[in-house]
Amino acid sequence: MQTSIADVAKNTHLVPGQVMGVLDELGVQHDSTSFEADADILELVEEAARALKGSKKVPMLANRTPRDVAQALGVPQPEVQKTLITKHKVMAQLTTVLKPEVVEQLVAGLGYEVQWVDAPAPAKPSPATASGPKKAVGAQPRPPIVTILGHVDHGKTSLLDYIRKANVASKEAGGITQHIGAYQVELPEGKITFLDTPGHAAFTAMRSRGAQVTDIAILVVAADDGIMPQTIEAISHVKNAGVPMIVAVNKMDKPDANPDRVMQQLTEHQVIPIPYGGDVEVAKVSALTGEGVPDLLELILLQAGIMGLTADPRTSLDGVVIEAKLEKGRGPVATILVEEGTLKIGDNLIVGSTYGKVKAMMDYRGERIKEAGPSTPVEVLGLTDVPNAGDRVAFAADEREARTTAESRASADREKAFAPSKRKVSLGDLRKSLDSGEMKTLNLIVKADVQGSVEAVRGMLEKVENEEVTVKVIHSGVGTITESDILLASAADAICVGFNTRVEPTAKSEAERSKVEIRTYSIIYELIEDIEAAIKGMLAPKFVEEYLGTVEIRMVFNLTKYGLVAGCHVTDGKVQRNCNVRIKRDNEVVWEGKVGSLKNVKQDVREMIAGQDCGIQFDGFTAFKEGDVIEAFEMVQIN
Ligand code: GDP
C-alpha cells in the first residue's frame, strides 16, 4: 500500500523530514513523498514516529536544496524561497544546492534544528511504474534556461530569431520551426534553452506566480541607443530576481554604435562590466550579421558551468507551464518546461487545476518525441483544459488521482476568487508583516514625473531607514506607474509609490488582481511622512528597565483572610501595584515577578513612596523572609 509521508507526519504531529528520518532508521524504502508499507510496517513507523513527539530535530542529508527543505518541513516551496530571499538574502532556485549554514539558519528560522545525517545504505531497488514517483538517483548537469530582456526595439526578438535560425532551423528540411514559447540550441559544448517571450513583463509575471524558471538573463542594449527606461526596468527586475546577467551590446554593425558609452551607462546603474572592474560579462553582437553571437552563447555556457546547474532526470516530475492555448482540432495545447524528472507519453499529469494524460509531445522543431528530460521545453497534447502560464506540472499515479486533485484545486481556486483576498504588503499593516517574522525590508518602487523628483524622493526615502527596518527602493524611474511596475512589486512584495504621476489603467487592474498597494502623492513630505509612520508601526516595541525604588521586608504576617503578607518599608523611591519586582536575599535574586497587591494598613493603594510602610503580596510567591530586599522597576517602551 502506497502511504503518504505527509499523512503520517500529520497523524504523528511531526514534519515530513522527521518521518523520513524514521523510515531511514527502520530501513523502509521511500522517496520524498511516499513509501510502500503494509499495515504492520505502518504501525511500526507510526509508533517510532510518535516516540519523537515534540522533537525539533530534523534529519537532513548533505547538499539540500530549497525544495528539499520545503519537503522536509512540510511548508510550501514558495514560502521557503521567500524566506531565503527576505531573511537570508539568498536567491536560489528550487533545485540549487544550499550551503549547510544556510540550511541550518533556514530550518532554525522555521522553528526546527538540522541534524546532519549520512545517506542511508542503498537498499534493493523498488519496482517503479512508468508514472509513479521514483527514488532520486542523483542530479546531473542540465542546460541553462535563458531569458532575453531589454528596451523595446533594441533587438531582443531579432537576437532570439538569429540564434534560432543559426542553430536550429539549418538542421531542418524546409527550415520551419515551431514557436512553442521556448527553444533549445545544441552547441558542441552543450545545450541552452531560450525562453521565447522576451521582456521583463513576461519574466516577472512568471516569477510572481512562483515560477522562476530563468537561470541566466541576457540584457540587450542597442549600441547606438544606449540605456533607455526599459533597460533600467529590466535591470531592476533581474537584480530583484537575483538571476545572473550577461549584457549583449547589440547593433554593433551600425556606424554610430558606441559600446563604450553603453558600458559607462551600465556602471551608473550598478551593472559593472568586467572591463570596468566589475563581474558582468559583456558580448558585443549584431543580431543582423550574427557578429559576436557565438561569443555570447559561449559566455552563457560558461556562466552555466559556474552555476553548476543540475537536475535529476529520474526523480519525480516537476515542471512548469510556459504558455498554453486552445487550438482548433488539437484541443488544449501547453508548452511545459521540465525542471526535474522526465516527462513521457502516457503520463498522467496534474497541471495547476487541470489534468490529463500526455497523448502527444512535440519539441520546438515540431518533431514528435516520446520523452523530455530537465530543461527541455515540450508542447503537450492531452490536457482536459487550458492551464495558466506558471502552473506547476506533476505526475499523478492514475487518471482518477489526477482528476480528483485537479478538481479539488479548481474548487479551492474558485473559493479563493470569491474570498476577500488580502493585500501582499500595505503601509497599513506593515506591523503585522513584521510580527509574522517575514519582513525586515520595506521594498518600494518609485515613479515620478521628472528625473529630479525621482532622485529627490529616492534620496529621502533611503534616509528613512533605521536599525530594524531597511527601506529599499528596488526600482525607480520617470513616467507613469505601469503594469510592469506592478508585476515587479507583486513578485518582490513591494509597494508602488507615485509622485506627481498617474497610474495606467492596465496597472490599476493588475494591482487589483495581484493585491499590490499603489500610493500616489503630490507633496513630497506627505509621502515621506506616510512611510515614516508606517515604519514606526513596523518597529517591534523595545522596552528598557526603569528603576522605581527599593523596599525592605521588615516582618512577615500570616493573616487568616489573606495568607502570607510581607510587611514592608519603602527605603528609596517608590513601589506600585502591578510593578515588576526582584526579591534579593544576601544579594542573590530569589524571585522575579510582579506585585499582586499593595496595601496601606487595610486599604488598597496604587503607590507607596520612600518612608512609608505597606503590606505587599506577590503574584505567585510566598517564600519571602524578613530582611529580603525588594527592587521595584517597570518596563518602559522606548519607541
Ligand atoms: P525588440 O523590440 O527588442 O524585440 O527589437 P526587434 O528585434 O524587433 O528589433 C527592432 C529593430 O531593430 C528591427 O527593425 C530590427 O531589424 C533592428 N535590429 C535588431 N537587431 C539589429 C542589429 O543587430 N543591427 C541592426 N542594424 N538592426 C537591428
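Modeller: Please note that this is a predicted model. The term to begin with is contact, which means heavy atoms within 4.5 Å.

Colleague: Which residues of helix 7 and helix 11 meet?

Modeller: From helix 7, L159, Y162, I163 and N167 take part, and they meet V293, L296 and L297 of helix 11.

Colleague: How do the residues of that contact divide by class?

Modeller: In the contact of helix 7 with helix 11, six residues are nonpolar, one is polar and none is charged.

Colleague: And at what angle do the axes of helix 7 and helix 11 cross?

Modeller: Their axes cross at roughly 90° and come within 11 Å of each other. Angles of 65 to 115 degrees count as roughly perpendicular, so helix 7 is roughly perpendicular to helix 11. For reference, helix 7 covers residues 156–167 and helix 11 covers residues 293–307.

Colleague: Why give both an angle and a distance for two packed helices?

Modeller: Two packed helices are described by the angle between their axes together with the distance between those axes.

Colleague: Then what are the values for helix 5 and helix 6?

Modeller: The axes of helix 5, residues 77–88, and helix 6, residues 100–109, come within 11 Å and cross at roughly 105°. Helix 5 and helix 6 are therefore roughly perpendicular to each other.

Colleague: Which residues make the contact there?

Modeller: Helix 5 supplies V80, T83, L84, K87 and H88, while helix 6 supplies V102, Q105, L106 and G109. By class, the contact of helix 5 with helix 6 has four nonpolar residues, four polar and one charged.

Colleague: Now the ligand, please. Which residues come nearest to the ligand?

Modeller: There are 15 residues around the ligand, and D153, K156, T157, S158 and D253 come nearest. The shell has three nonpolar, seven polar and five charged residues.

Colleague: Which helix gives the most to that shell?

Modeller: Helix 7 does, with three residues.

Colleague: How far is the polar side-chain atom of T157 from an oxygen atom of the ligand?

Modeller: The distance is 2.5 Å.

Colleague: How much of the ligand does the protein bury?

Modeller: Taken alone, the ligand exposes 580 Å², and the protein buries 72% of that.

Methods:
Residues are numbered from 1 along each chain as its sequence is written. This is a predicted model: local features need pLDDT of at least 70, side-chain atom pairs count only at pLDDT 80 or more; totals for chains, interfaces and linings use all residues. Side-chain values use heavy atoms; hydrogens and water are left out. Axes are lines fitted to C-alpha atoms, for helices over the stretch in contact, and angles run from 0 to 180 degrees between N-to-C directions. Helices (H or I, at least four residues) and strands (E, at least two) are DSSP runs, numbered from the N terminus. Angles under 35 degrees count as roughly parallel, over 145 as roughly antiparallel, 65 to 115 as roughly perpendicular and the rest as oblique. Ala, Val, Leu, Ile, Met, Phe, Trp, Tyr, Cys and Pro count as nonpolar, Asp, Glu, Lys and Arg as charged, and the others, Gly among them, as polar. A residue is near a molecule or strand if one of its heavy atoms lies within 4 Å of it. A polar contact is a pair of N or O atoms within 3.5 Å; within protein, one must be able to donate a hydrogen and the other to accept it, and residues adjacent in sequence count only if both atoms are side-chain atoms. Accessible areas come from the Shrake-Rupley method with a 1.4 Å probe; for residues, only the protein chains shown count as cover.
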